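Have a look at the sequence and the model first, then read on.

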Amino acid sequence: MNRKLRMGMVGGGTDAFIGAIHRLAAFMDNQIELACGCFSVDPEISISSGKSYFLPEDRVYKTYQEMFEKEAKLPEDERMDFVSIVTPNFVHFAPAMMALDNGFNVVIDKPITFTLDEALQLKKKLEETGLTLALTHTYSGYPAVKDAKARVANGEFGTIRRIYVEYPQGWLSSKLEDTGNPQASWRTDPKRSGKAGCMGDIGTHAHQLAEYISGLKVTELCAELNVFVPNRLLDDDGAAFMRFDNGAKGVLMATQIAAGEENAIKIRMYGEKGGLEWNQMEPNTLWLKWVDRPTEMVRVGTGQMGDTAQHNTRTPGGHPEGYLEAFANIYRNFSLTVRAKMNGQEPTADMLDFPGIEDGIRGMQFIDKVVEAGYNDDVKWISFD
């Protein structure tokens with residue numbers, strides 16, 4: 001196969017924030033083109049969005065059901081190869097299942113579904129179809145994060161003992177949802193976001209980053225969730241102590257009421273021989289800390305990082321590999337995997353290095369457990385299933 005992969009979209013109209021991010025990321029490496037979409041629950045917005053994306057009228061749909069049914073009937077050399085689902089949480093599961101039923105691969109925003117049971121159903125469907133699913137946990141796409149993961153796996157720091165991960169934001173310090181802000185409105189609405197607010201929105205990113213870099217799994221947690229803004233329906237702040245499957249201990253903090261903060265996700269990890277530190281606000285730098293020698297600063301694009309980081313680096317040193325590039329790494333590795341499978345080839349480890357269904361299930365487990373523990377002062381530790 002010598003062509004671009006054809007992408008469809010559910011959501012991502014001109015009135016949406018994250019859709020444009022997905023398109024920029026998908027197109028960055030010249031592997032993907034936009035072929036069709038149902039860009040909004042409002043048919044008029046979907047149609048006007050499709051026109052602004054220069055799509056043919058007959059490839060812009062009023063419902064995602066119509067899109068999957070009609071795309072599946074098109075010749076193989078015309079129909080989409082995968083769909084990108086960029087909707088609020090409660091509209092993740094149904095289109096993902098319908099896409100898989102009709103033979104289309106899937107990219108989906110996090111958290112993967114509305115409930116853990118839905119995530120488990122998606123896993124079963126993926127196993128039945130043999131198709132590919134990517135989950136956009138963006139921060140795992142940064143080259144420095146991938147280098148940190150490789151160094152931990154290579155044993156440079158010895159057995160990991162301690163993990164600290166934090167994600168402070170400040171944009172929900174006031175009741176922004178009452179001002180008509182669409183992003184705030186759905187993220188604070190349990191009918192659209194699910195049982196968790198802050199912890200579902202950004203706590204899942206912190207949890208995934210800790211497990212991704214360490215290669216460990218959380219087995220138990222104890223948590224506290226808070227609602228600081230009066231009359232808000234979901235948590236806007238929280239913290240958790242975590243126990244990992246190798247005996248390591250961790251602390252996770254996520255908040256959206258840290259007034260003045262932007263997207264300051266940060267992780268520190270310590271083993272027997274040393275540790276690491278990475279901060280998303282300074283994404284090109286990975287700090288390595290040692291017991292027996294000075295702290296090292298390792299920089300992206302300088303040849304100081306390993307092969308996996310190099311595979312996910314586009315620019316020379318001093319040119320920041322930022323949020324869009326990290327997002328694009330997920331799309332590129334996903335597209336390379338899909339292309340290899342379509343060509344009857346085995347995807348390489350670098351191609352397969354993107355979050356998928358297991359990350360999605362872990363994220364839904366994290367949400368369930370942190371909510372169960374977070375509002376219950378009588379329960380200390382909650383075990384993951």
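Does Lys195 count as buried, exposed or partly exposed? Lys195 counts as partly exposed, because its relative accessibility is 47%. Buried stands for under 20% relative accessible area, exposed for over 50%, and partly exposed for what lies in between (1.4 Å probe, protein chains only).

A word on the ground rules: this is a predicted model, where local features need pLDDT of at least 70, side-chain atom pairs count only at pLDDT 80 or more, and totals for chains, interfaces and linings use all residues. Residues are numbered from 1 along each chain as its sequence is written, and side-chain values use heavy atoms, with hydrogens and water left out.

**Salt bridges**

Side chains of opposite charge can pair when their charged atoms come close. The rule used here asks for a side-chain nitrogen of Lys or Arg within 4 Å of a carboxyl oxygen of Asp or Glu. By that rule the count is 26 salt bridges. Three of them are listed here:

| Pair | Closest N and O atoms |
|---|---|
| Arg314 and Asp29 | 2.6 Å |
| Asp368 and Lys195 | 3.1 Å |

Take Asp368 and Lys195, which form a salt bridge. Asp368 sits in helix 12 (residues 357–374) and Lys195 in the loop between helix 8 (190–193) and helix 9, so the pair ties together parts that are 173 residues apart in sequence. Helices here are DSSP runs of H or I with at least four residues, strands are runs of E with at least two, and both are numbered from the N terminus. Asp368 is partly exposed, at 21% relative accessible area.

Arg314 is partly exposed at 26%, and Asp29 is partly exposed at 22%. With Asp201 and Arg187, by contrast, both residues are buried.

Where would you find Asp147? Asp147 is in helix 6 (residues 143–153). Asp147 is buried because its relative accessible area is 3%. Leaving aside residues up to four places away in sequence, Asp147 touches Leu286, Val298, Met305, Gly306 and Ala309, where contact means heavy atoms within 4.5 Å.

Asp77 is exposed instead, with a relative accessible area of 60%. Asp77 lies in the loop between helix 3 (64–73) and strand 3 (82–86). Together with Glu57, Asp58 and Glu78, Asp77 forms a negative surface patch; such a patch takes residues with over 30% relative accessible area and no salt bridge, like charges being joined within 9 Å and nonpolar side chains within 5 Å.

Notes
Areas by Shrake-Rupley, 256 points an atom, 1.4 Å probe, with all protein chains shown as cover. Lys, Arg positive; Asp, Glu negative; His and termini not counted. Charge placed at Lys NZ, Arg CZ, Asp CG, Glu CD.
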